[in-house]
Amino acid sequence: MAIESDPHLSMVREVTPQTPEGCEECLRIGSPWVHLRLCLTCGHVGCCDSSPLKHARAHAYAEQHPIVEPLEPGEEWRWCFAHESLV
C-alpha cells in the first residue's frame with residue numbers, strides 16, 4: 001500500500017518562532033497553556049489542543065497554515081490540522 005504525502009507539506013518554510021517564550025495569544029491575555037506548537041508556515045507560536053484556548057488550532061484554520069510541530073525540547077513530529085494526522 002502506497003503512503004501519500006500530505007499536500008500541505010509544500011507550505012512548510014524555515015521559520016523562527018515569533019514568541020519563543022510562549023503562546024502569542026496567551027501571553028497577550030495572561031492565559032495558561034500546556035504545550036506549544038510552532039506554525040511551519042509563518043512561525044506563529046500557539047498553544048496545543050490540551051490547552052484551554054487551543055490557539056495553534058485557531059491559527060491553523062484562520063490563516064490556513066495547517067502544519068505545526070512541537071516547540072518542546074526532544075519532540076520531533078509534525079501535525080496537519082487539515083487532515084488531523086501526523087505528517
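Within strand E3, Glu 69 is the bridge partner of Leu 38. Helices (H or I, at least four residues) and strands (E, at least two) are DSSP runs, numbered from the N terminus. The model is a predicted one, in which local features need pLDDT of at least 70 and side-chain atom pairs count only at pLDDT 80 or more, while totals for chains, interfaces and linings use all residues. Residues are numbered from 1 along each chain as its sequence is written, and side-chain values use heavy atoms, with hydrogens and water left out.

**The sheet**

Two strands are taken to pair if DSSP finds at least two bridges between them. Five strands form an open sheet in the order E2-E1-E3-E4-E5, with antiparallel pairing. E2 and E5 are the edge strands, each pairing on one side only.

| Strand pair | Bridges | Direction |
|---|---|---|
| E1 and E2 | three bridges | antiparallel |
| E3 and E4 | two bridges | antiparallel |

Individual partners can also be named. Arg 37 has Gly 46 of E2 as its bridge partner, and Val 68 has Trp 79 of E4. The hairpin of E1 and E2 has five residues between the strands, and Gly 43 there takes a positive phi near 90 degrees.

The residues of E1 point in two directions: Leu 36 and Leu 38 go one way, Arg 37 and Cys 39 the other, and all are buried. Buried means under 20% relative accessible area, exposed means over 50%, and partly exposed lies in between (1.4 Å probe, protein chains only).

**The chain as a whole**

The chain contains two helices and five strands, and along the sequence these follow the pattern α-β-β-α-β-β-β. The C-alpha trace spans about 45 × 30 × 25 Å along its principal axes.

Of the 87 residues, 38% count as buried. Contact means heavy atoms within 4.5 Å. Among contacts between residues at least 6 apart in sequence, 46% join residues at least 24 apart.

**The nonpolar core**

Which residues make up the largest nonpolar core? The core has ten residues in all: Val 15, Cys 23, Cys 26, Leu 36, Leu 38, Leu 40, Val 45, Cys 47, Ile 67 and Cys 80. E1 and E2 are the elements that give two or more residues to this core. A nonpolar core is a set of buried Ala, Val, Leu, Ile, Met, Phe, Trp, Tyr and Cys residues joined through side-chain atoms within 4.5 Å. In soluble globular proteins, nonpolar side chains tend to be buried together.

Leaving aside neighbours within four places in sequence, the contacts of Ile 67 include Leu 38, Leu 40, Trp 79, Cys 80 and Val 87.

H2 lies across E1 and E2 and runs at about 125 degrees to E2. Axes are lines fitted to C-alpha atoms, for helices over the stretch in contact, and angles run from 0 to 180 degrees between N-to-C directions. His 55, Ala 56, Arg 57, His 59 and Ala 60 are the buried residues of H2. These residues pack against helix H1 (24-29), strand E1 (36-39) and E2. After H2 comes Gln 64, with a positive phi near 60 degrees.

**Loop residues**

Not counting residues up to four places away in sequence, Ser 51 touches Trp 33, Val 34 and His 35.

Lys 54 is found in the loop between strand E2 (45-47) and helix H2 (55-63). Its phi is near 50 degrees, a positive value in a residue other than glycine. Lys 54 is partly exposed, with a relative accessible area of 38%. Glu 84, in the loop between strand E4 (79-80) and strand E5 (85-86), also has a positive phi near 50 degrees. Glu 84 is partly exposed, with a relative accessible area of 38%. Most residues other than glycine have a negative phi.
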